[in-house]
Number of protein chains: 2
Amino acid sequence: MEFDLIARHFTRATPGAVLGVGDDCALLAPTPEMQLAVSTDMLLEGRHFSPQDSPAGLGHKSLAVNLSDLAAMGATPRWATLAIALPEANDAWLTAFARGFFRMADQHGIELVGGDTTRGALTLSITVIGEVPPGQALRRDGAQAGDDVWVSGVIGSAALALAYRQGRLFMEQIDAAKVLPALYLPTPQVALGIALRGIATSAIDISDGLLGDLWHILERSRVGASLEFAALPTLPLVKNYLHEAVARDCVLAGGDDYELCFTAPADRRDAVAAAAQSAGVAVTRVGRITDEPGLAVTDADGRPLPFDHIGYDHFAA
Amino acid sequence: MEFDLIARHFTRATPGAVLGVGDDCALLAPTPEMQLAVSTDMLLEGRHFSPQDSPAGLGHKSLAVNLSDLAAMGATPRWATLAIALPEANDAWLTAFARGFFRMADQHGIELVGGDTTRGALTLSITVIGEVPPGQALRRDGAQAGDDVWVSGVIGSAALALAYRQGRLFMEQIDAAKVLPALYLPTPQVALGIALRGIATSAIDISDGLLGDLWHILERSRVGASLEFAALPTLPLVKNYLHEAVARDCVLAGGDDYELCFTAPADRRDAVAAAAQSAGVAVTRVGRITDEPGLAVTDADGRPLPFDHIGYDHFAA
């Protein structure tokens, strides 16, 4: 049966599971004393990715964005399920997709333990399960006034790459090559999330844009924040190719970077730096959590900068 | 934002979770010593359900078919995630869908702890997590030669209802009313699955037809089976409305009943009966597991009956 053929692409040994693909359910033995972090995502062709995207890249990214949710909780990735609708059983496509998916899975020690395959417009739904010690998850509701706001890596690159890819922006190829990986092969900051357990007071991954995602932390923590625009880590390319207002929007509201935005007490700056170093990731202090609700972005002189919108709404767009 | 409006339909108190909807991940504290049973499903409009189907019924059925996978493992339902693509944020539709979904969830003590919502053709992907004591899961690979083969409830009703609903079969309304619930409001045999822990040697839920699903047990257990057709539990309606050969196909290969097919040692018949009684479900002994591989269906005189196909292939169809 074609159906079995497809299943075979996604059936591999799962030494970390009691029972993997092939029964009514997978059977998993969680590590004693650990809590589970669970997240689910649905990606649609034409909305979250394009028919022109490489299947290997799609395999990479579809799992990466879910691992990013585990990273934002400080959880250790353990198990994943994949439900996929496909217009046809295209063996070459499946082989490439599985290669990208399992390369990302192997990098982060996550095992595919279950799934479902059906015929339909290309749709991917992934659920990931990670583990985190009780009380150490990086939630959105723990930010305190006085905390520093931090960002990992650089932001705005994926938005720049998308504008280029959609023909809305001209870039030299050599420059495009510097930002396209951010869009197509994002790196979930799993090691950083784990290293920040017990240090960060809150965290979120930047999928919908810095302001929109930070806003979720502010809402849940009932605090405000002030960011210094000049401190935000971004590639010089962004300013080279974009007018000032557009560059600002790209950095503040550009989605899909999958970096972490997190908060930590000001007296834990050394611990944050050590965690980042152990994870091999750059982190940048970009602002401060405030008592007063609201979100302000200031220039180097402390004057408020205007910004257009806070984030990307998957449904309204 | 529309997006938030949708999320609100699916955000309820989750006393069984450390943290429910609203963060990067849900946080769950599994019961010490228990293993997790995890299953995922994707349902597409036009393939698994019709645009005419009631949204409340769809909410019921989409969760029921996943609970049926937990039932087939003997797992106690705990948590679910729901990823949903919708063409528009239709409040009435969402209200009705959520009502059906949560009524089913409440019946079985499962909590919706996470999800994702996006715009697109109506698509549902649900992942369920249950718990089962180590070594007590009802797997597909434990059937032994000499075991009895059992079926819960009645089978063939959903296939009959589908034929009626699609206009391929005339039925009196009073009769149609007897089979339509099997198709639209299936009952996952959760209590029976749990009661069969330590008794059944293997189990599967009948989603693709008895023969096809039993075949999975035979393959994984490396055994064969012989079924007595006359013993198969089915409503008299099936024979009243269908010619003999069609009725046979309906009972042997009709999908969507979500009853359990399971095996148990012949000396545990009393225990099976007691388990069924405690779960309030009828069970019927329909055959025997054999040493020789293969699957035979015999008439009352032990003569082999011909049958056309073994099951329904979601991809080839």
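Student: How many residues does the contact take from chain A and from chain B?

Tutor: In this predicted model, the contact takes 65 residues from chain A and 65 residues from chain B.

Student: What area do chain A and chain B bury between them?

Tutor: Interface size is often expressed as the accessible area lost when the parts come together. Here, chain A and chain B bury about 5,100 Å² between them, and 61% of that area lies on carbon and sulfur atoms.

Student: How many salt bridges and polar contacts are counted between the chains?

Tutor: Four salt bridges are counted between chain A and chain B. In one salt bridge, the side chain of A:R140 meets that of B:D23 at 3.6 Å, N to O. There are also 16 residue pairs in polar contact between chain A and chain B, with both residues at pLDDT 80 or more.

Student: Which element of chain A supplies the largest share of the side that touches chain B?

Tutor: The largest share, nine residues, comes from β2(A). Several elements of chain A each supply at least two residues to this side, including α1 (2–9), β2 (35–44) and α2 (55–73).

Student: How do the residues on that side of chain A divide into nonpolar, polar and charged?

Tutor: The side of chain A that touches chain B has 36 nonpolar, 15 polar and 14 charged residues.

Student: In which sense do β2(A) and strand β1 of chain B pair?

Tutor: β2(A) pairs with strand β1 (residues 26–28) of chain B in the antiparallel sense, over three bridges. Within β1(B), B:A26 is the bridge partner of A:V38.

How values were computed
Residues numbered from 1 in each chain as written. Chains lettered and ligands numbered in written order. Predicted model: local features only at pLDDT ≥ 70, side-chain atom pairs only at ≥ 80, totals over all residues. Heavy atoms only, no water. Contact = heavy atoms within 4.5 Å. Buried area = accessible area lost by both parts, 1.4 Å probe. Polar contact = N/O pair within 3.5 Å; in protein donor to acceptor, adjacent residues only side chain to side chain. Helix = DSSP H or I, 4+ residues; strand = E, 2+ residues; numbered from the N terminus. Nonpolar A, V, L, I, M, F, W, Y, C, P; charged D, E, K, R; others polar. Pairing = 2+ DSSP bridges.
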